[in-house]
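Hello,

Here is the structure you are taking over. Please look through it first; my notes on it follow below.

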Amino acid sequence: MQNKLILFLFIGILSSCSSLSSLNFWSDDSDEDISKPAELVSFQEEAAVNIVWKKSFKSSNELGSFKPAFYAGQMLVADSDGEITSLNPKTGKVNWTKTLERELAAGVVSGFGKFVVSDTEGNVLGFDLESQESLWETNIGGEVLANAVIDASLVVVKNSVGELVALDSSSGEQKWTFRSQLPALTVRGTGEPIIKDGIVFSTFDNGRLGAFQLNTGFFLWDGPISFVEGSSELENLLDADSSPVFANQLIFATNYQGNLTAFDLAQKRPVWNSKASSFHSPVIGQGMIMVIQDDGSIISFSSSNLAPSWVSEEYKIRDLSNGEIFENYMLVGDLEGYLHLINPMTGKTVGRKKVSGNPIKSLVTYGGLAYTIDQDSNLVAISL
């Protein structure tokens with residue numbers, strides 16, 4: 001615990017999409033300033049970024065965990081001050097607002113007639129979507145730093161002490177829990193679990209991917225995204241702070257100072273990997289798998305045969321957000337509030353617009369629009 005506190009105080013509040021490499025722990029004799037963000041370069045524009053509407057919530061979103069949710073034609077937004085707002089996702093018009101007398105730790109998730117939020121004290125709260133009335137409140141023993149995931153009968157959430165917890169979606173009763181082995185040092189942040197075909201998949205701070213039976217929590221299998229290779233605790237930081245993604249019967253996961261690793265679901269083991277260091281989920285689209293690394297470089301692979309493709313260092317040390325595929329382009333935000341459009345086939349920038357005066361922390365897409373959320377919870381809807 002002392003080691004974790006020392007590391008946290010040393011690096012400050014570190015978001016899941018921040019770069020440890022940009023902190024410049026090491027120095028050399030070269031003239032290059034490796035801590036300086038790359039300057040933006042000119043490009044050939046193929047698509048224009050248009051701002052459709054803006055909405056300001058003005059609260060802290062340092063970790064990028066306050067992402068909106070979409071359900072039944074509504075866009076739900078929660079902020080750290082405890083305000084939950086329902087918007088029309090096309091226009092930004094407010095449907096209703098509910099204020100909770102507590103500080104929230106992660107954004108809202110919705111589905112099956114409910115929405116769920118989590119506070120900084122480790123409480124998970126369920127509400128009826130139509131009436132906004134409280135249904136239940138359950139403490140899961142640790143702060144929640146990522147959104148929960150909702151199934152018809154269960155809400156699955158991961159806390160900061162390495163526990164994966166399933167709650168009954170109607171009552172909040174704890175149905176099962178799994179606790180991973182927490183390493184000596186971790187980065188503040190965690191990835192959301194995902195549910196597919198009755199199985200919960202989750203990455204953990206020890207750099208492993210685990211699979212669990214949804215209804216029972218029965219442990220099915222796990223495997224390493226990467227192995228410990230260093231001689232110090234800092235070198236052995238292998239946090240997996242992003243969600244896994246699926247492509248071509250494989251599930252892909254990344255971790256910090258580790259790998260992009262493909263797991264075969266039938267064989268229940270890793271079958272391929274490549275060196276990578278990322279706090280973000282891989283981005284899959286246009287026949288490509290792309291990894292936004294912690295230093296701002298982007299690497300790519302063919303999704304058909306996993307052969308390496310292009311590499312971009314155009315945005316090094318620009319603290320890139322997660323990436324999203326939108327209208328056949330990859331979108332990514334940066335520390336100066338720019339939104340960049342990248343051609344997934346070539347890695348070339350084909351569009352750009354400054355949409356915020358603050359660092360963009362996360363991106364989501366829904367219903368023909370993309371949405372950027374910055375570190376102060378300012379929300380911008382864009383179209384191409």
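Strand 30 gives the largest share of the lining of the largest pocket, 5 residues. Strands are DSSP runs of E, at least two residues, and helices are runs of H or I, at least four, all numbered from the N terminus. A pocket is an open set of points on a 1 Å grid over the protein atoms alone, where a 1.4 Å probe fits, with protein on both sides within 12 Å along at least five of seven lines; lining residues have an atom within 4 Å of a point.

This is a predicted model: local features need pLDDT of at least 70, side-chain atom pairs count only at pLDDT 80 or more, and totals for chains, interfaces and linings use all residues. Residues are numbered from 1 along each chain as its sequence is written, and side-chain values use heavy atoms, without hydrogens and water.

Back to the pocket. Its lining has 43 residues, and K67, E192, S243, E324 and V364 lie nearest the centre. Strand 2 (69-71), strand 6 (104-111) and strand 30 (360-366) are among the elements that give two or more residues.

The chain has 32 strands and 1 helix. Of its 384 residues, 57% are buried (under 20% relative accessible area with a 1.4 Å probe, protein chains only; exposed is over 50%, partly exposed in between).

Two loop residues deserve a look. A72 sits between strand 2 and strand 3 (74-78). Its phi is positive, about 50°, though it is not a glycine. A72 is exposed, at 63% relative accessible area. L306 lies between strand 24 (298-302) and strand 25 (308-312). Its phi is also positive, near 65°. L306 is buried, at 14%.

Best wishes
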